[in-house]
Amino acid sequence: MKEPSKSNRSPRANFENSNSAKAEGSVPQMRFPIVGIGASAGGLAAFEAFFSNFPKDHATGMAFVVIQHLSPDHQSSLAALIQRTTQMNVFEAEDGMVVQPDCIYTIPPHHDLEISRGYLLLIEPPKNRSDHLPLDLFLKSLAEEQKSLSIAVILSGNGADGSLGIRRIKDEGGMVMAQDPASTKFDSMPRCAIDTALVDTILSPAEMPTQLLAYVADAEHRHVGSEAKLPPKKLNELRKIFMVLRANVGHDFSQYKSSTIHRRIDRRMVVNGIETLEDYSKYLQQTPKEAEALFHDLLIGVTKFFRDPEAFEELQKSTLSRLVSSKLPGDTIRIWVTGCSTGEEAYSLAILLSESMEAQQQFHAVQIFATDIDPRAIAIARAGLYSSAIADDMTPERLAHYFTEEPHEMGFRIKKCVRDFLVFSEHNLIKDPPFSRMDLISCRNLLIYLGAELQKKIIPLFHYSLRQDGSLFLGNSEGIGEFGNLFRSTNQKSKIYQRKGDAPLPRTVLNQFLPMYHDDTTETTMAPKHPNRVPKLPLRDITEQGILAKLAPAAALVNHQGDILYLHGQIGRFLEIPPGEIASANILKMARDGLRPSIATALRKTITTGEQVHYAGIQLKIDRIDWILNLMVFPITNELLGKSDAPLYLILIEEIKGGIHVSTEVGTQEGSDVQGVIARIREELQTKDDQLQSMTEELESSSEELRSSNEEMQSVNEELQSTNEELETSKEELQSVNEELSTVNMELNAKVADLTKANNDMNNLLAGTGVGTVFVDHQLRVMRFTPAASNVINLIASDIGRPIAHIASNLLHYDALIPDVQSVLDTLIPKDQELMAKNGHWYSMHIQPYRTLDNVIEGAVISFMHITEKVKMQEKLRGADEQLRRLAAVVRNSNDAIIVQDLSGQILAWNPGATRLYGWTESEALQMNLCDRIPDKRMLNSELTRLEDLSMPSALILHETNRLTKDGTVLCVALIATALLGADGKLDGIVTTERLMLS
C-alpha cells in the first residue's frame, strides 16, 4: 500500500498541485455514478444484503465506496467479507487509487477517505474521536467531484454521520437513499438522515439495488436536455403542479426561474420512475408526501459559514465597521438576512458584527432578522447546532471564541452572546410584509432562483426596507439590474450596494402587503393618466380635500382591538411593519416604540370612559430626528355609525413643529389652556411616579430574594454542568469505542460463522469416514472425540476433560495405550498398531502429535480405523496362497510337460518338464506360438479347434499328436487339454499336459 497522505484534513489542493505536471489525458474521466455507502454498527449485514442483491453477470455502471466506522487498532477484513457476496471486484482503498466502474472500494482502518479528480485520497483522521465524521467528509468531496452523478446511501449505524454530507449531495443534484429504520440493528444514522427531509428513497438494503439501477438507467436516459424549456402543450401540466404545491405547502413557485423548476421536477420524476409530466402531475395530486418532497427539493440551500470569504471580509471592512462607528449610544443595529436557510450566513454576519464592535470598543444593541420559508431549516438555525465539519469553514480562533463544542452531539453550538443577536422566523419574501428601518439587508444567492419579474418587485422592496444610506449585500451572481436609481455600488466585486434617494414603497408592492393603506403623499406622487383633464369632482369636495391635506393631522380609524380599518395622512412615518406573518394590521403592534404605550393607554381609557383622551408633548425619535407629538383618541358617535355597528375610534397624531403648538381645533388656544395642559400632565406624571415607586420597592424586594435563590441555583448548576460535561465526554468516548467494537464484533461474528460451518463440515467428514478419533492434551485429558471412537473406548459427552487413563477400553490384550501416547508426545514419532476388540472387531490404531497451524504441539490424536473386513480378507488370501504354493510345487516337479496357451496359441506358461521334453527354456518358449511346435503349419487352425474341443469338461480324453523339439525332431505325444475360464465364465486359455508316447 502506498504511504497515506500526511494532510490532516483536506489534501485535495496539494494533490492537484502535485499532479499538475501530468498529461491531461492521464486524469480519469469520471462520467459514471459513484455511490458513497456509509454505516457503522450493524453495517456488515446491511452491506451483505445490499451487494448480494445486484444481478449476477450484469454491469452496474457504478462505482461503490464503502465508508464504515472502523477501529484504528484492528485490521479490517471488510473487503474480504463483502467479496463473498458479489462478483464485482472489491479493494481496500489505497492512496492515489483510480476509481473504476463495477468496483467496490472499502475504507482502511485509521484513515479518512476523499475523492478528487477520480483518485481516492487517504488522509489522517482527527485525534479527537468526537470530530471524526468520515462519511460526511467523503460525501462532501464526492458531491464536489461528481455533482449530479453522486449518490449517497445511509445504512445501519449509531450517530449522525452522513447528515451533513447528504445536504451537499442534494445541493449538487445527487440522489440520497436511506435504510428503512425498521430493518436496521441500529437506526440512529438512517433516522438522522431521514429527519433532514433530504432522503429520496427509504428501503431495506435488499430492495435498494433494483431501485438504484432503475434510477441510474432513467437518469442516463433523461440527462441530455433536462433543462430544456418545456413544450407549450405541457405548460398546463406545469400550472397544475404549481397549484398542487400552493395548496399543500402554501407557497407559489410559478415565478421562480424556469430552468431551476424544470430541473427539480425532472429529478423527482427520475426518483419516482415517472416518464411524462402529465403522469407526474397526477401522481403529485394523489400523493401529498410527494408535494412536500418537491417543495424541499426546490428549497435546497447551498450555504456554509463565511461563504465567499473575500466578500465577507470586504463587507466587514467597508460596511459593518462604518455602521458600528456611525451609531450613537443607545442606537440599535438592524439587519435582515433573507433566505437564511439553516442560518450559517446569518451567524456569520453576527460574528463579523461582534468582531467589529469589539475592535472599536463600541457596543450597541443588535437585531438580526433571519427569515426563510422552510420551517425545517429555521428549526435547525434556531438550535444553532452544527456538525464538526464547520471547522473547515473558519479559523480555529473564531471557532473557539464563538462556538461551544458539544461532544455528545458530535458538533459545535453557537454561543449565547451571538445567538441573542438573531431572531429566526418563517417569512415569505414574496407575499409577507417586509421589515423596515434596516441598516443592512443580506440577500445572497436567492435572486438567482427567481424570475425576472419577481426580481423587479424584490429590489424596490429592499429599498423601502432600508434606512437612508443602508446597505444591500447580494451574491456573486446577482445584481440590482435596472434599479440604479435606487442603489449605488460601493464594491462591485463583492456585490455591496448602498441605498440612495427617498422613494416610497411602490404602490403595487404596498397593496400586496397592506391593502387598506391610504397615504395622501403617495397618491400625489403618482402622475395622472390625463394631466390636462380637470377631475370631475364637486367644488365643495375639492375644497374640503385641500383643507384636510394642509391642516388635518395624520389619523387612523380602528376598532376596539386596535385593528386598523383606515389610514389618513402621513401616518406611515409613525408606524412600522413587524416581522412575521400579518393576519391583520393592528396599530398597537405597528406603532413605534415611543408612541405605542401612549396609544394603548389612550385607547383603553377611551373605550372605558367613552370620552375623548388627549396627551400632549409626547417625545419620539425617528431616524435620529426628534419629534414632539400630540395624541388624541375619541370614539365615533352613533349618528355616524348606526346603532347596530360595533364602536369605532379615531386616533389623531399631531406634530408640533418649532415649539409652536398646532391645535386640532379651529383657531388658536390661549396661554391659560396651555398652562392647564401642563398642569394635567404634571398630575399624571406625579401619579405615575407614585405607582412606579411602589412597584420599584416591591420589585427590589422580590429581586433580592430571587438574587439569593439564583446564586444558590447557579452554584448548584455549575457543579451539575461540570459533572454533566465530564459524563458527556465519557459517554462520547464510550459511544465511539462501542461503535468500533460493534464493527469488530460483526467481523468476528462473520468469522465465527465461517468457523462454525468449517467445524460442522469437519464433524460430518469424520463421522462419514467412520474413523474413531480421540484428541488428548499434554496431560492426556480428552479434549474431543468422534462418535465412532465410543466403539473402542467407552466415551460419553461428560468425559470431556477427564484423563483417558480413567476410561475403560474394549481392546483385548492391550494395556499400553497410555505409554504409547506418551511416547509419541516425547518423540513426536507416530505409532501404528492393529488391535482386536472384545466384540471380535479389528481396529488399526494410529497415534500422532496434534499440531496447530503455527506448528505447536498441543497434544495427540488417537485414531481407530475399523479393519475387520481387511483382516478377514487377509486370512482368506493366506489360505489361497497356501493352495497356490502346493499347486506350483506339483507343476514344477511334474515329469510331464505342462503348457498354458491362449486361444491364439501364444504360450503363457512353460514348466521344467516341458523344457526336458522339447528342449526350449522357459524364456524361449514364452516367445513362441503353437505354430512353432507343429510339424505341418497348415494344421494350425484345426489343431487349435481340436484343443478347444478337448478342453471342454465333457471331452476330457487323451489325444495323440505330433510336436517339434528344439532340434527339429518330431515327437509323438499324448496330451490332455483343460479349459481356463475367466470371471465371466468364458474360455480365456487352454492348459495341456503332454507326455512322450512310447512305441
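Good morning. I begin with L884, which is found in helix α26, residues 868-893. Helices here are DSSP runs of H or I with at least four residues, strands are runs of E with at least two, and both are numbered from the N terminus.

Before I go on, a word on the source. This is a predicted model, in which local features need pLDDT of at least 70 and side-chain atom pairs count only at pLDDT 80 or more, while totals for chains, interfaces and linings use all residues. Residues are numbered from 1 along each chain as its sequence is written, and side-chain values use heavy atoms, with hydrogens and water left out.

Let me return to L884. Is this residue buried or exposed? L884 is exposed, with a relative accessible area of 53%. On this scale, buried means under 20% relative accessible area, exposed means over 50%, and partly exposed lies in between, with a 1.4 Å probe and protein chains only. Together with L887 and V890, L884 forms a nonpolar patch on the surface, and the accessible area of the three is about 310 Å². Patches are made of residues with over 30% relative accessible area and no salt bridge; like charges are joined within 9 Å, and nonpolar side chains (Val, Leu, Ile, Met, Phe, Trp, Tyr) within 5 Å. The areas come from the Shrake-Rupley method with a 1.4 Å probe, and for residues only the protein chains shown count as cover.

V891 is also found in helix α26. V891 counts as partly exposed because its relative accessibility is 27%. Leaving out residues up to four places away in sequence, V891 touches I898 and N911, where contact means heavy atoms within 4.5 Å. The C-alpha atoms of V891 and W910 are 9.6 Å apart in space, and the two residues are 19 apart in sequence.

Now the chain as a whole. There are 29 helices and 35 strands. Of the 999 residues, 45% are buried. The accessible surface comes to about 51800 Å², and carbon and sulfur atoms account for 54% of that. Among contacts between residues at least 6 apart in sequence, 64% join residues at least 24 apart.

Next, S40. This residue sits in the loop between β1 (34-39) and α2 (43-52). S40 counts as buried, because its relative accessibility is 0%. What does the side chain of S40 reach? The side chain of S40 reaches the backbone nitrogen of N158 at 2.9 Å. Beyond its neighbours within four places in sequence, S40 is in contact with several residues, including Q68, H69, E739 and M746.

Two residues deserve a remark on their backbone. Most residues other than glycine have a negative phi. H110, which is not a glycine, has a positive phi of about 60 degrees; H110 lies in the loop between β5 (103-106) and β6 (112-116) and is partly exposed at 49%. F306 likewise has a positive phi, near 50 degrees. F306 lies in the loop between α11 (288-298) and α12 (309-326) and is buried, with a relative accessible area of 4%.

Helix α11 itself has buried residues, among them E290, L294 and F295. The buried residues of α11 pack against α5 (163-171), α8 (235-249), α9 (258-272), α10 (277-286) and α14 (375-383).

I close with pairings between side chains. The structure holds zero disulfides, a disulfide being a pair of cysteine sulfur atoms within 2.5 Å. How many salt bridges does the structure hold? The structure holds 31, each with a side-chain nitrogen of Lys or Arg within 4 Å of a carboxyl oxygen of Asp or Glu. R191 pairs with D187, and their closest N and O atoms are 2.7 Å apart.

R376 and E292 form another salt bridge, with closest N and O atoms 3.5 Å apart. R376 lies in helix α14 and E292 in helix α11, so this pair ties together parts that are 84 residues apart in sequence. A further salt bridge joins K493 and E310, at 3.7 Å from N to O. K493 lies in the loop between β19 (487-491) and β20 (496-499), and E310 in helix α12, so the parts tied together are 183 residues apart in sequence. K493 is exposed at 67%, and E310 is exposed at 57%. Finally, salt bridges that share partners join K170, D200, R268 and E290 into one network.

Thank you for your attention.

Note on methods
Polar contact = N/O pair within 3.5 Å; in protein donor to acceptor, adjacent residues only side chain to side chain.
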